[in-house]
Amino acid sequence: MNIDEQILDNDVRKINLSGRMDLDGVAQIEKDFAGMTKAPATKVIVDMSEVPYMSSIGIRALLMNGKAVTGRGGKYVLMGTQADVRNVLEVSGIDKLIQICDGLDQAIDAVTV
């Protein structure tokens with residue numbers, strides 16, 4: 001699994017994930033993911049468009065990092081989830097806790113409003 005970040009206008013941090021969010025994949029990115037969502041990050045978009053699979057450990061990683069951002073009063077959204085991953089997020093109820101946006105414009109609006 002790979003992770004990188006971009007800083008967009010208005011200090012929006014876009015974290016790009018690619019690969020399987022399973023035990024091995026999350027272990028590869030866990031430290032970097034936590035570092036990218038720590039203070040002062042308060043506007044975070046997680047681009048999931050290159051994530052074809054997610055297990056419970058992947059859900060945990062999304063929740064823990066989201067909690068870190070929102071716990072400081074920030075905004076944290078997911079973007080571009082593939083159909084199978086979105087289904088996992090909806091069945092597990094994560095979509096009720098973390099907003100899922102279809103595209104970048106919607107995600108930017110969600111974290112900057």
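Q: As what does Glu 5 count at 35% relative accessibility?
A: This is a predicted model, in which local features need pLDDT of at least 70, side-chain atom pairs count only at pLDDT 80 or more, and totals for chains, interfaces and linings use all residues. Residues are numbered from 1 along each chain as its sequence is written, and side-chain values use heavy atoms, with hydrogens and water left out. Buried means under 20% relative accessible area, exposed over 50% and partly exposed in between, with a 1.4 Å probe and protein chains only. The relative accessibility of Glu 5 is 35%, so Glu 5 counts as partly exposed.

Q: Which residue meets the side chain of Glu 5 in a salt bridge?
A: Side chains of opposite charge can pair when their charged atoms come close. A salt bridge is a side-chain nitrogen of Lys or Arg within 4 Å of a carboxyl oxygen of Asp or Glu. At 3.1 Å, N to O, the side chain of Glu 5 meets that of Arg 13. With 17% relative accessibility, the buried partner of Glu 5 is Arg 13.

Q: Is Asp 22 buried or exposed?
A: Asp 22 forms a salt bridge with Arg 20 at 3.2 Å, N to O. Arg 20 is partly exposed, its relative accessible area being 43%. Asp 22, by contrast, has a relative accessibility of 18% and therefore counts as buried.

Q: What is the N to O distance in the salt bridge of Asp 95 and Lys 96?
A: Asp 95 is partly exposed, with a relative accessible area of 24%. Lys 96 has 69% relative accessibility and so counts as exposed. Their side chains meet in a salt bridge, N to O, at 3.5 Å.

Q: Which residues do salt bridges that share partners join into one network?
A: The salt bridges of the protein number 7. Some of them share partners, and the network they make joins Arg 86, Glu 90 and Asp 102.

Q: How many Å apart are the mean positions of the positive and negative charges?
A: Lys and Arg count as positive and Asp and Glu as negative, while His and the chain ends are not counted. Each charge is placed at NZ of Lys, CZ of Arg, CG of Asp or CD of Glu. For the 12 positive and 16 negative charges of the protein, the mean positions are separated by 8 Å.

Q: In which strand is the place of Met 79?
A: Met 79 is buried, with a relative accessible area of 7%. Contact means heavy atoms within 4.5 Å, and, not counting residues up to four places away in sequence, Met 79 touches several residues, including Ile 45, Met 48, Cys 101 and Leu 104. Helices (H or I, at least four residues) and strands (E, at least two) are DSSP runs, numbered from the N terminus. The place of Met 79, within residues 75–79, is strand β4.

Q: What is the relative accessibility of Thr 81?
A: Thr 81 is found in the loop between β4 and α3 (83–91). Not counting residues up to four places away in sequence, Thr 81 touches Met 48, Arg 86, Leu 89 and Ile 100. Thr 81 counts as buried because its relative accessibility is 13%.

Q: What pattern does the protein follow along the sequence?
A: The protein has 5 helices and 5 strands. Read along the sequence, they follow the pattern β-β-α-β-α-β-α-α-β-α.

Q: What percentage of contacts between residues at least 6 apart in sequence join residues at least 24 apart?
A: Buried residues make up 42% of the 113 residues. Of the contacts between residues at least 6 apart in sequence, the share that joins residues at least 24 apart is 68%.
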